[in-house]
Amino acid sequence: MNYRHAYHAGNFADAMKHALLVALLNTLKRKPAGFCVLDTHAGLGTYDLSSEEAQRTGEWQTGIGQLLTTTAPALTPYLALMRDHGAPAHYPGSPAITAALLRPQDRLIACELHPEDVQSLRRLFRNRAEVAVHHRDGYEAIRALLPPRDHKRGLILIDPPFEQPDEFARTIQAATLAKSRFPTAIIAIWYPIKHRTPVRAFHDGIATSGLRNVIAAELTLRPPLDPTRLNGCGLLIVSPPYGFEQDATTILAAMSPHFGPDAEATLIRIVEE
Ligand SMILES: C[S@@+](CC[C@H](N)C(=O)[O-])C[C@H]1O[C@@H](n2cnc3c(N)ncnc32)[C@H](O)[C@@H]1O
């Protein structure tokens with residue numbers, strides 16, 4: 001396990017993923033019944049953007065660093081949460097964002113395999129009874145922990161480091177398994193866009209997986225031609241809530257101009273309902 005998210009926290013890909021995560025969670029909160037979030041690859045939970053890792057890449061400066069002064073209403077829920085967390089000094093990761101939005105009836109299960117990162121997560125949530133931190137493989141947690149015992153609604157966030165060549169295929173298997181065990185859940189899979197070819201194969205794999213009602217929100221900084229660079233990223237969503245396609249389109253349209261003149265946002269339907 002070489003990947004450390006501390007080098008990348010708050011970059012354009014985090015901003016995109018987390019603004020859409022906030023929108024998904026706020027949709028779940030429209031109904032009073034509680035929900036359960038399973039964050040399969042949770043990371044550290046919170047990131048010090050003055051750390052050596054963050055300073056070395058400076059990635060946050062072209063991500064959240066470009067957004068904090070914007071006033072676009074579509075970005076307000078995400079940016080308000082970032083400011084509450086102390087951005088730009090500190091940046092919240094996906095479990096901290098989810099934990100900040102939980103109501104008493106909601107739960108978060110956060111899985112992290114890295115032995116040091118999971119200790120940070122445990123410290124962060126030591127006083128939060130509604131958050132459970134697991135030092136375990138997030139893919140295995142789908143089989144072991146779903147469906148949740150006390151919740152009929154939920155969100156599964158699958159956000160692996162894509163260090164392994166089979167990671168796209170693993171996320172498809174994971175989503176299929178998650179859907180069979182927890183049919184009402186929303187599933188969100190983050191993925192990198194370096195070159196179009198693996199992304200096309202991923203979309204095709206999803207389209208033939210048997211999953212229904214799937215969309216993908218994508219944001220590219222430049223045409224994805226150089227496979228050695230992170231040229232963009234996507235969030236694939238299985239069973240998006242009603243109205244989310246419009247919300248995601250508005251959020252990405254408000255965000256992408258801050259990421260350079262060639263940035264483009266698109267929303268694609270991969271499988272019909
Ligand atoms: C992209 S980062 C997660 C970022 C986080 N979801 C966020 O948005 O703030 C991926 C994380 O997955 C962890 N990881 C890698 N393989 C894993 C596995 N099989 N199960 C659980 N965590 C894993 C890595 O240590 C890393 O912290």
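Analyst: The account below begins with the sheet, then turns to a central strand, the core and the surrounding helices.

The model is a predicted one. Its open sheet has 8 strands, in the order β5-β4-β1-β6-β7-β9-β8-β10, and the pairing is mixed. At the edges stand β5 (131-134) and β10 (264-271); each has a single partner strand, so one side of each lacks a neighbour in the sheet. On average, and with direction ignored, neighbouring strands are turned by 15 degrees against each other.

Strand β9 (residues 232-238) deserves attention within this order. It pairs with strand β7 (residues 186-193) in the antiparallel sense over 7 bridges. Strand β8 (residues 214-220) also runs antiparallel to β9, and 7 bridges join the two. Ile 237 of β9 illustrates both pairings: it is the bridge partner of Ala 188, and Ile 215 stands opposite it as well.

How much of β9 is buried? Of its 7 residues, 7 are buried, and the strand is thus described as mostly covered. In a regular strand the side chains alternate between the two faces of the sheet. In β9, Gly 232, Gly 234, Leu 236 and Val 238 point one way, while Cys 233, Leu 235 and Ile 237 point the other way, and all of them are buried.

Beyond its neighbours within four places in sequence, Leu 236 is in contact with residues including Ile 187, Ala 188, Ile 189 and Tyr 191. Its contacts also include Phe 202, His 203 and Ile 206, as well as Val 214, Ile 215, Ala 216 and Ile 270. In soluble globular proteins, nonpolar side chains tend to be buried together. The largest nonpolar core here has 96 residues, and those with the most contacts inside it are Ile 64, Tyr 78, Leu 236 and Met 255. Helix α1 gives the most to this core, with 12 residues.

Tyr 78, another of these core residues, belongs to the buried set of helix α4 (residues 76-85), together with Leu 79, Leu 81 and Met 82. Just after α4, Gly 86 takes a positive phi of about 105 degrees.

How do α1 and α4 meet? Their axes come within 9 Å and cross at roughly 105 degrees. The two helices are therefore roughly perpendicular to each other. At this contact, Ala 15, His 18, Ala 19, Val 22 and Asn 26 in α1 meet Pro 77, Tyr 78 and Leu 81 in α4.

The other part of the sheet contains a parallel pair. Strand β1 (residues 35-39) is joined to strand β4 (residues 107-111) by 4 bridges, and the two run parallel. Within this pair, Leu 38 stands opposite Ile 109 in β4. Helix α7 (residues 138-145) packs on the sheet and touches β1, β4, β5 and β6; its direction makes about 140 degrees with that of β4. Helix α5 lies across β1, β4, β5 and β6 (153-158), running at about 170 degrees to β4.

Which residues of α7 are buried? They are Gly 138, Tyr 139, Ala 141 and Ile 142. Their arc around the axis is only 160 degrees, which places them on the same side of α7. The elements covering them include β1, β4, β6 and α8 (167-181).

Ala 201 is found in helix α9 (residues 196-207). Ala 201 is partly exposed, with a relative accessible area of 46%.

How values were computed:
Residues numbered from 1 in each chain as written. Predicted model: local features only at pLDDT ≥ 70, side-chain atom pairs only at ≥ 80, totals over all residues. Heavy atoms only, no water. Buried < 20%, exposed > 50% of the residue type's maximum accessible area, 1.4 Å probe, protein only. Core = buried A, V, L, I, M, F, W, Y, C linked by side-chain atoms within 4.5 Å. Contact = heavy atoms within 4.5 Å. Pairing = 2+ DSSP bridges. Axes fitted to C-alpha atoms, helices over the stretch in contact; angles between N-to-C directions. Parallel < 35°, antiparallel > 145°, perpendicular 65-115°, else oblique. Arc of directions from axis to C-beta.
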